Structure formats: structure tokens, C-alpha cells
Amino acid sequence: MNTPPEDNYSISSLLSSNSATMLPPHTSGRTLSKRSKANNTSNLKSIGNTKKKLTIRPLKKIPSIPKSFEEESWQKLHAAIVAVQKKEAISFSREELYRLVEDVCTWKLAANLYTKLQSCCACFIAESVRNLGRFIHCSLPNSSISTYIAKNSSLRQGASAFLERVAVLWEDHCNNMLAIRMIFLYLDRTYVMQTPHILSIWEMGLMLLRVEFQNCPQVEQHLIACLLILIEKERNGESIHHHFLRTLIKMLSSLQLYHNKFEIPFITASEQYYTTEGNQLVEQVSVSQFLIHVEKRLEEEQDRVIQYLDSTSTKKSLIHVVEVKLLKPHVDTLLEKGFENLVKEKRVEDLKRAYMLFSRIDAIQILKVAFGECLRKHVTSLVTATGNASLVEKLLQTKKDADTVLKNAFSGQQEFSFVLKKSMETAINIQSSRPAELIAKYVDAKLRTGNKGGSETQIEALLDDVIVLFRYIQSKDVFEAFYKKDLAKRLLLGKSASFDLEKLMLSKLRTECGSSFTNKLEGMFKDIDLSQNVATQFQNHSASRAALDKMNDPVDLHVQVLTTGFWPPYAAVEINLPSVLVPLKEIFEKFYACKYQGRQLQWQHSLGHCLVKAKFKKGRKELAVSLFQASVLLCFNAKPTLGFREIKEQTSIEDGELQRTLQSLACGKVRVILKEPKGKEVHPDDVFHFNDSFTNQLFRIKINAIQMKETKQENEKTHERVFRDRQYQVDAAIVRIMKARKKLSHALLMTEIFAQIKFPAKPADIKRRIESLIDREYLERDFENAQMYNYLA
């Protein structure tokens with residue numbers, strides 16, 4: 001190891017007359033003469049006998065260097081630097097140059113060497129940057145990059161060539177500085193590291209290049225303008241050299257010019273580009289195409305950041321520009337232009353794309369409102385349509401489609417679920433009664449057919465969907481009235497496809513509305529069960545059994561006894577029962593009067609049905625018919641041919657019902673009687689013959705009665721019943737509130753009434769009920785304040 005020049009002392013022994021002298025820096029300072037070695041050996045032998053002392057004495061002559069050493073060394077190093085910069089061969093070896101730099105630094109000449117190196121590099125870099133200006137044929141630099149580009153149309157043709165020259169300059173600069181640093185590595189690792197505020201050789205080169213670019217504003221602005229033009233070309237779909245962009249962006253980052261000189265103008269240019277593109281594109285393409293284009297632009301900008309931009313600072317700003325300038329200003333236009341069609345056509349992918357893009361710009365609330373409004377308009381059009389016989393099926397399909405969109409496009413967001421519920425509920429209740437009525441009839445149709453259209457699991461799933469619609473309607477009392485009427489027909493006429501499905505539907509209604517809602521419906525099922533017990537008691541009743549045994553033509557009788565309060569009201573229809581049934585009726589009435597004293601029976605002949613045994617030429621058959629059909633058929637036992645008026649006289653069935661009964665027997669698929677003249681309609685002058693030649697492969701044949709469609713009067717009566725029940729509920733609520741509060745203002749009373757009733761009501765209807773209670777002396781107006789009511793005990 002070389003001894004530094006500042007160490008002017010050497011160690012010698014007091015017993016030795018010779019001492020080591022310091023040699024020039026390039027020789028070893030530890031060479032000893034033979035005599036010195038001998039003296040040292042003899043001294044070492046006497047160490048154990050004599051105490052030794054070590055002293056430090058200065059050298060007799062301080063080492064020095066030649067006066068021309070620094071200049072000669074720099075000439076060699078300068079020649080090497082110039083050769084590197086000019087890409088020529090170096091006259092000296094790298095090891096020689098490294099040792100030369102080491103010697104210069106050893107003799108404390110590092111500061112001068114660093115200054116000369118910096119000056120030499122600065123001259124070459126300045127000349128290289130100024131040479132770029134010869135390739136610029138544009139106007140003087142402008143304060144705005146966009147203005148500079150607009151004023152110089154020739155920029156777009158020569159941008160790539162200029163950038164290529166700058167890229168070559170940067171690559172040469174990097175190679176040069178790396179080579180120079182290898183030569184001056186000792187300087188970089190000693191003097192630079194030990195001296196504060198001194199840049200490393202690599203950083204010095206970057207600083208010099210940065211300063212030269214700043215000293216040539218036209219070159220700098222032209223460079224930025226060419227970069228922006230090249231990026232714009234890429235955005236327009238043209239092919240460009242990414243190598244130049246990647247190299248030059250890296251150069252700007254290394255020179256610390258990226259943010260101030262490039263990024264800010266780049267973001268500004270991007271804002272202008274996407275603002276213009278958005279304004280043009282929104283008028284030319286569909287909503288779906290616009291959203292696809294925005295998504296594509298976002299992906300392109302993300303790829304651009306990955307390929308050659310600075311991801312740490314530019315990515316967030318650039319993506320924000322695309323979102324704010326290309327998409328956000330046109331949100332309302334897009335929603336008005338075609339969002340409704342996307343929902344109607346169930347274009348889940350486009351809706352999902354809209355959701356993802358709108359979430360980027362905090363426009364989910366706007367999308368949510370648009371989705372709800374679109375759904376509300378569609379359901380409203382369905383509800384208010386004149387021919388709404390298939391309303392429930394359309395509502396179920398709409399709900400299914402909306403659920404699909406909600407799950408696959410909107411990620412099942414709770415806010416969108418609430419909007420869906422609110423929109424459908426609002427639209428369905430525009431007509432408060434009609435949807436409730438149609439839902440009840442739809443359930444009736446499905447419970448009649450059962451799993452004819454699918455498995456029982458599918459029917460259960462369908463009932464679940466119907467319950468969702470039921471949850472939306474406010475007029476649940478209307479649903480109850482029609483459902484109860486249809487349930488009664490299914491239970492009494494044996495029209496229900498599955499008793500289990502009936503119980504399942506009842507349990508779903510109980511879960512939704514509570515036991516008070518299904519109390520009467522459950523009472524109907526209890527009556528059916530109790531009727532079987534009554535039938536068993538009737539069969540075991542000895543007096544009744546004896547009376548039945550005395551009959552010439554024994555007939556099995558099964559009577560269903562119904563509780564009036566549970567079942568819908570039925571108008572009593574009196575007919576002339578067949579003679580074989582009259583004794584049975586009397587026997588059962590005596591049994592029931594004996595068993596249950598104080599109860600009165602009212603026979604509902606319209607709900608009865610019979611199993612009639614018939615004899616034809618080709619064999620016997622059993623016909624499952626209604627009581628009216630049985631009464632007509634039994635008339636042909638006395639006479640094979642009867643006219644319409646004769647049948648009416650014998651049965652006393654009213655004209656409309658008799659026409660439907662004869663039509664089912666003579667004009668349907670199973671024709672046990674024949675009509676003259678032939679035709680589908682029955683008239684008072686028609687004549688009917690018993691069809692003795694009737695054949696059918698089945699032994700027991702069910703002849704369906706032609707069900708009279710619900711008349712307008714029957715429908716109105718059902719609604720009137722619901723209205724009366726609502727009046728009773730409102731009256732009860734008013735009395736209950738006033739009894740607790742004693743005195744209350746009109747506004748507060750109305751508020752509490754609406755809070756208690758469970759059906760939609762108009763303020764005018766509530767006010768009429770208040771007036772009615774005042775007339776009946778349940779309430780009175782306060783004498784001092786007409787807006788106050790007092791409760792009368």
C-alpha cells in the first residue's frame with residue numbers, strides 16, 4: 001500500500017544507526033538494506049536483556065513530484081476523453097489511465113482534475129445540444145406547447161426524425177459518461193464521496209445535459225412538442241417507434257425534466273384531445289359503442305404508462321383525464337340516449353361496463369336513479385295497459401330480468417336492490433286494486449294445474465316469485481278477497497291440483513302478513529277437515545243409517561258443512577232436486593239438527609257434484625258431474641228426448657246456468673246427449689236426445705262444467721266488500737286513536753290513521769269516515785277550534 005504524501009515520519013530503532021527513507025509514491029516505502037536487517041537481527045536477540053524505546057523522527061527530505069506532472073497527466077486524460085466522445089481508439093490502456101488518475105488524486109490534485117473534467121464534458125455536451133437546433137425549422141418557442149404545435153404544421157412530418165436524433169444523442173451521452181467514469185473511477189470513489197456537495201461523475205453529466213437543454217429553450221420545447229405529436233399519432237391508431245419514446249421519456253426522468261417540462265403539457269394535451277373526442281363521438285355512436293370506446297381508451301392509457309411513461313406520477317393523472325374529460329361530461333346524454341334500451345334488451349355486458357365506468361367517476365347515484373326510472377316506466381306501462389290479462393306473467397318476467405341485471409351487471413349491490421324494490425312497488429300500486437286481483441287469479445290458475453307445466457320444485461319456485469310481487473302490492477286486502485273466493489271453489493269443487501301446494505302457499509302468506517291475515521283462510525281448511533268428521537258421524541248415526549237402508553235406490557251422501565264467517569258469501573240458488581236426492585237431504589238435516597242444536601243449514605247447490613252411473617249400448621260408465629249436470633241427466637231417465645223448456649221446468653235452473661250446463665253435456669268433448677240443431681251455442685228452442693251410442697275408453701269420465709266467467713257485477717261486488725271492510729278498519733282505527741288520546745288535532749289524527757292502516761287510502765275517504773263518526777256521536781268537533789276533535793265516551 002502506497003504511503004500518502006502527508007505522512008512525513010518513519011519509525012526507527014534507537015539501537016540502529018540507519019533509518020528507512022520515504023520513496024516516491026510509485027515505489028515501495030518498506031525496502032531495508034542488508035546492514036539494517038543485520039542490525040535488526042542483533043537487536044532482536046538482545047530484547048530480553050535491554051529495555052528498548054521507539055521514537056518518530058522526520059524525514060530528512062520531503063518527497064515531491066515534477067512540476068509538469070499535473071499538466072502531462074491531464075493531457076493524457078483529456079486525449080482519452082476526446083477519443084471516447086469521438087468514438088475513436090484510446091492511445092493508452094484503461095489500466096494506465098486508471099493508475100494515472102490514482103496518482104493525481106494521491107498528490108491532492110483531485111479538485112483540479114474534477115473541475116477540468118467537468119469543463120471538458122460541458123463543452124462537448126453544449127456543442128451536441130446546439131447541433132440539434134440545426135434540425136429545427138420552426139418559429140420561435142411559445143409559452144404554450146399547444147400553440148407552438150398549432151403554429152408549426154411541419155412538426156408532424158419531422159417529429160420522428162428529430163426524436164431519433166435526440167435518442168441517439170442520449171444514448172451516446174450515456175455511453176460516453178459510463179466510459180469516462182470507468183477511467184475516473186478512483187476520482188469518483190475517493191474525492192467525490194469524501195467531498196460534500198460534489199456530484200458524482202454520472203450525475204455531473206446529467207446536470208450538464210439538463211442545463212444545456214434549459215439554455216436552449218427551442219430545442220427543449222421542440223422535443224416536448226414532438227413527443228406529444230408522436231403520442232397523439234399512436235392514439236389515432238398510427239404505428240410508432242416505442243423505442244424512441246421509451247428512451248426519451250427515460251432521458252427526461254433522468255434529467256429531472258419529466259414533471260415540469262413533459263408531464264404537465266402532456267396532461268393538458270390529453271385533456272384537450274379527450275374533450276374533443278368525447279364531444280364528437282357521443283353524437284356519432286350508440287351508447288354501447290361509446291362505453292366500449294371509453295373502456296378501450298382506459299386500457300390503452302394504462303398500457304402506455306406501462307410501456308414508456310412514469311407510472312409513479314403519470315398513471316393516476318392520465319386515467320383521471322380519460323374519466324373526467326371523455327366520460328363524465330356525457331353521463332346524462334348517455335343515460336337519456338339509450339340506457340333504457342340496454343335494460344329492456346337485457347344487455348348485461350353493456351350494463352356491467354356502464355356500472356364499472358360510472359363507478360370510476362362517482363356517478364353510481366345517477367346510474368341508480370336511471371335504472372329505477374327505467375324500471376318504473378316499464379312496469380307502469382304494463383300495469384296501465386288495457387289488455388293486461390297476462391300482467392302477472394309479464395311482471396314476473398320483468399322482475400326476473402331485473403334480478404339478472406342486478407346480479408350480473410351491478411354486482412348485486414344493496415342500493416340497486418332497494419331501487420328495484422321501490423320502483424316496482426311504486427309502479428304496481430298506480431292501480432291499487434287491479435294488480436292484487438290479477439295476482440290472486442294467477443295463483444288460482446297455477447294451483448289448479450299444479451305441476452302440469454313442470455316439477456313440484458318449479459311450482460314452489462314460481463310461488464316464491466309470486467310472493468315477491470305480493471310483497472310489493474299495498475292492497476293486500478283485495479288479494480285476500482279474491483284469493484279466498486278462488487280457494488273456496490278449489491276446495492269445494494275439488495279443483496285443487498295438490499293439497500300440499502295449497503298448504504305451502506298458505507304458509508308463505510302467513511310468513512309475509514302474519515296469522516291475522518290468514519285466519520279466515522286457515523278456517524276454510526279446518527272446515528274441510530271437520531266436514532270429514534261430520535260425514536263419519538253421519539255414517540255411524542243409527543237413525544240416519546236406518547233411514548238410508550229403507551231407501552229403494554241407496555245413494556252415498558257426503559256433505560261439507562262450512563262456517564259462514566270463513567267462506568265467501570254465496571247466493572242461495574233453489575232448484576228442483578232429483579227425487580232420489582230429496583230424501584237424502586231431509587235425513588241429513590234431521591241428523592244435523594239433532595247433533596248441533598241451534599244451527600241452521602243453508603244448501604249451496606251450485607257447489608255440489610255427483611257421480612252418476614249411466615248405461616249405454618256398449619257398456620256402463622260412471623260420469624263425474626256437477627249437481628246441475630246430474631239434475632239434467634236424470635231427467636232423461638223418464639224420456640230420451642227433451643226440449644230446453646221441458647228441462648227447465650223439471651229442474652228450475654235459471655236460463656243462463658241451464659244453457660251452460662247443456663252446453664257442457666252436448667257440445668263439449670264428452671257428449672252424453674245430442675243437440676238439434678247442431679252448434680256450439682244453446683238456444684231455448686233446441687231439442688236434446690240421450691246419446692245411447694256414446695263410447696269412451698275410460699270407465700269413469702269427468703265432464704267439466706263450463707265455468708261462467710266472472711261477471712262485471714261479481715267483480716264489483718268483491719271490490720265493494722273490500723271497500724266496506726276498509727271502512728270498518730278506518731272507523732276502528734279512528735275510535736282506537738281517539739279513545740287513547742281523548743283530544744287530537746285533525747293533522748295529527750290523519751297522521752296516526754295512515755300509520756295504522758295497511759292499505760292505500762285517500763285523505764278525502766278518511767275525512768268522510770271522520771264525519772260519519774261525528775254523525776254517529778263517536779266524536780265531536782271542539783267548540784273553540786274546528787280543527788280539533790274530542791272523543792265522546
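I started with the lining of the largest cavity: Glu70, Ser73, Trp74, Val104, Asn112, Leu113 and Lys116. Two elements give two or more residues to this lining, helix 2 (69-85) and helix 4 (110-132). I sorted the lining by class and got three nonpolar, two polar and two charged residues. The space in this largest cavity is about 40 Å³. I note that the model is predicted.

Next I asked how many cavities of 30 Å³ or more the whole structure has. The search finds two.

I turned to the second largest cavity, which holds about 30 Å³ of space. I listed its lining as Val287, Leu291, Leu334, Leu335, Phe339, Leu342, Ala354, Phe358 and Leu367. Helix 13 (287-307), helix 15 (331-344) and helix 16 (348-360) each give two or more residues to this lining. Helix 15 gives the most, with four residues. By class I find nine nonpolar residues here, with no polar and no charged ones.

Then I looked up the cysteines. I found zero disulfides in the structure. A disulfide needs the two sulfur atoms within 2.5 Å.

I repeated the check for Cys635. Its closest cysteine sulfur belongs to Cys610, and at 13 Å that is too far for a bond. Cys635 is buried as well, with 7% relative accessibility.

Notes: Residues are numbered from 1 along each chain as its sequence is written. This is a predicted model: local features need pLDDT of at least 70, side-chain atom pairs count only at pLDDT 80 or more; totals for chains, interfaces and linings use all residues. Side-chain values use heavy atoms; hydrogens and water are left out. Buried means under 20% relative accessible area, exposed over 50%, partly exposed in between (1.4 Å probe, protein chains only). On a 1 Å grid over the protein atoms alone, a cavity is a set of points where a 1.4 Å probe fits but cannot get out, and a pocket is an open set with protein on both sides within 12 Å along at least five of seven lines; lining residues have an atom within 4 Å of a point. Grid points are joined across faces, edges and corners, and a volume is the space filled by probe spheres set on the points. Ala, Val, Leu, Ile, Met, Phe, Trp, Tyr, Cys and Pro count as nonpolar, Asp, Glu, Lys and Arg as charged, and the others, Gly among them, as polar.
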